Amino acid sequence: MLIQNIQYMTASADGKWVVNTGDILIKDNRIDSIGNFECDETVEKLDGKGMLALPGLVNGHQHTPMSLLRCYSDDVTLMTWLNKKMLPLEMKMNDEDRYWGGLLSMAEMIKSGTTSYADMYIGIDTIGEAAVESGIRSVIARGLIAMDSDYEGRLKEAANVVDRWHGKGDGRITTMIAPHSPYMCPPDFLRAAVNLSKEKNVPLHIHLAETKDEEKMIQEKHGLRPVEYLKQAGVFDRHVLLAHGVHFNDADYETLKTVQGGIIHNPVSNAKLGCGISDVKRLMDTGVKVGLGTDGPASASSLDLFLEMKAASWFQKLKYEEAAVLSAHDVLSMATQNGADILGIGDEVGSLTVGKKADLLLMDMNKLHLTPSHEHANLLVYSATGQDVDTVIIDGKIVMRGRELKTIDEEKVIANAKERTKELLVRL
Ligand SMILES: CSC[C@H]1O[C@@H](n2cnc3c(O)ncnc32)[C@H](O)[C@@H]1O
Ligand SMILES: [Zn+2]
């Protein structure tokens with residue numbers, strides 16, 4: 001496939017995003033070359049005039065089936081939301097609910113420019129199936145909550161997910177081991193999860209330091225801070241995706257300095273649940289890699305990473321009362337290469353680089369709110385929304401063109417998601 005006459009964004013070594021013009025040649029599932037080409041008529045051509053190409057966005061932390069619980073419970077604290085509202089309904093969910101909820105999330109993500117994402121949930125097989133069908137790139141993990149004593153059974157399920165799914169979907173699916181959080185995992189269980197991640201040679205995915213309540217619980221139960229608790233369990237000896245990272249002290253930042261992987265910042269979810277504002281500037285200054293995520297649709301309420309980019313930048317500027325903090329250039333890197341690195345797929349995706357997998361999106365720039373274009377990075381972060389994404393290519397395949405999904409029947413997903421939600425509520 002040849003994308004002709006396209007403006008495209010690349011990040012230079014100093015972290016600044018620049019706009020270039022040319023053609024992008026995709027062969028099989030990779031970016032073959034970028035430049036100016038003549039190709040014969042056998043090559044599929046895509047006119048890029050008026051469009052701006054970006055690397056596909058990476059949503060670093062998600063719970064896809066929770067789209068069925070979108071706006072079911074809002075304006076309550078995280079612990080009330082999770083324990084009183086989400087978990088009771090999630091216990092009643094079946095595979096069909098998770099499949100349609102998962103597909104609904106994937107459709108929404110693709111439509112707003114997300115090409116890769118990380119999922120932590122139960123009943124992950126159906127999510128794997130939806131991911132293969134939708135064509136999205138997905139890092140899936142069985143979320144592990146040690147509420148009863150069946151540790152063995154839980155860990156076996158997590159191991160099975162790795163065995164069954166890693167490398168599926170032409171390599172688009174990879175896996176992780178996902179102990180839910182410090183407060184849902186006792187020390188021996190957490191250590192066993194770390195050992196499993198070593199044994200299977202896949203990274204860890206865990207919620208960390210999301211609320212002050214979490215700090216208090218871990219202090220009271222174990223006499224430690226959440227970061228110390230994870231350190232003692234060996235979590236930081238592994239590549240780890242740490243979701244949230246809002247409440248840290250000076251010693252925590254020292255510990256995090258050497259972390260392999262990084263933190264996925266979820267600004268909208270943190271704001272909605274009143275958790276606080278992560279100190280992204282300090283994390284970055286400390287040398288911690290920070291990516292961007294939405295968290296599940298039941299807390300973020302939207303899966304549009306363009307909104308998360310705005311929120312991330314705005315909140316840091318407000319926190320520091322300083323406009324220069326977390327620039328548009330910084331957040332574009334968070335939503336692309338940084339996220340891909342934290343998901344463990346940064347060698348293959350995250351930038352428009354020859355040799356990498358062809359995951360990219362074309363933004364329709366011929367819009368009132370995107371006119372004129374003084375500075376493309378600023379325009380993308382501060383003015384654009386997911387609705388401006390025209391075309392999405394994942395693994396060299398067009399999954400959306402002219403805002404029409406090619407792999408998912410949008411009407412069917414909406415109808416089934418509504419039906420599943422109705423039935424789920426009856427089961428409660
Ligand atoms: C065991 S599967 C994952 C589990 O995580 C819950 N969840 C969703 N969002 C959050 C969040 O922000 N903090 C903590 N836990 C969260 C979800 O309800 C699932 O039960
Ligand atoms: Zn989460």
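The largest share of the shell around ligand 1 comes from α1, which supplies six residues. This helix covers residues 78-90, and both α1 and β7 (114-121) contribute at least two residues each to that shell. The model described here is predicted. By class, the residues around ligand 1 comprise 10 nonpolar, five polar and three charged ones. Of the 18 residues in this shell, those that come nearest to the ligand are His 63, Glu 90, His 180, Glu 210 and Asp 295.

Several side chains place polar atoms against the ligand. A polar side-chain atom of Glu 210 is 2.6 Å from an oxygen atom of ligand 1. For His 244, an N or O atom of the side chain lies 3.4 Å from an oxygen atom of the ligand. The side chain of His 63 has an N or O atom at 3.4 Å from a nitrogen atom of ligand 1. On its own the ligand has 450 Å² of accessible area, of which the protein covers 98%. The space that ligand 1 takes up is the largest pocket.

Two sets of annotated positions bear on this region. In an unreviewed entry, UniProt lists Glu 90, Arg 142, His 180, Glu 210 and Asp 295 under "binding site". From this set, the lining of the largest pocket takes in Glu 90, Arg 142, His 180, Glu 210 and Asp 295. Arg 142 belongs to strand β8, which runs over residues 137-144.

A further "binding site" annotation in UniProt, also from an unreviewed entry, covers His 61, His 63, His 207 and Asp 295. These residues span 235 residues in sequence, yet no two of their C-alpha atoms are more than 11.9 Å apart, so they gather at one spot. His 63, His 207 and Asp 295 from this set are included in the lining of the largest pocket. His 61 is part of strand β6, residues 57-62.

At the level of the chain, UniProt assigns residues 53-399 to "domain: Amidohydrolase-related" in an unreviewed entry.

Other local features concern loops. Ser 351 is located in the loop that connects α13 (328-342) and β15 (360-364). Its side chain forms a polar contact of 2.6 Å with the side chain of Thr 353. A polar contact of 3.0 Å also joins the side chain of Ser 351 to that of Lys 356.

Two features of backbone geometry were also noted. Most residues other than glycine have a negative phi, and most peptide bonds are trans. The peptide bond between Thr 371 and Pro 372 is cis, with omega of about -5°. Pro 372 lies in the loop between β15 and α14 (376-383). Asp 28, although not a glycine, has a positive phi of about 55°. This residue is found in the loop between β2 (17-27) and β3 (30-35).

Definitions and conventions. Residues numbered from 1 in each chain as written. Chains lettered and ligands numbered in written order. Predicted model: local features only at pLDDT ≥ 70, side-chain atom pairs only at ≥ 80, totals over all residues. Heavy atoms only, no water. UniProt positions renumbered as here; feature names shortened; annotations may be inferred. Near = heavy atom within 4 Å. Polar contact = N/O pair within 3.5 Å; in protein donor to acceptor, adjacent residues only side chain to side chain. Areas by Shrake-Rupley, 256 points an atom, 1.4 Å probe, with all protein chains shown as cover. 1 Å grid on protein atoms, 1.4 Å probe; cavity = no way out; pocket = protein on both sides within 12 Å on 5 of 7 lines; lining within 4 Å. Sits in = over half its atoms within 2 Å of the grid points. Helix = DSSP H or I, 4+ residues; strand = E, 2+ residues; numbered from the N terminus. Nonpolar A, V, L, I, M, F, W, Y, C, P; charged D, E, K, R; others polar.
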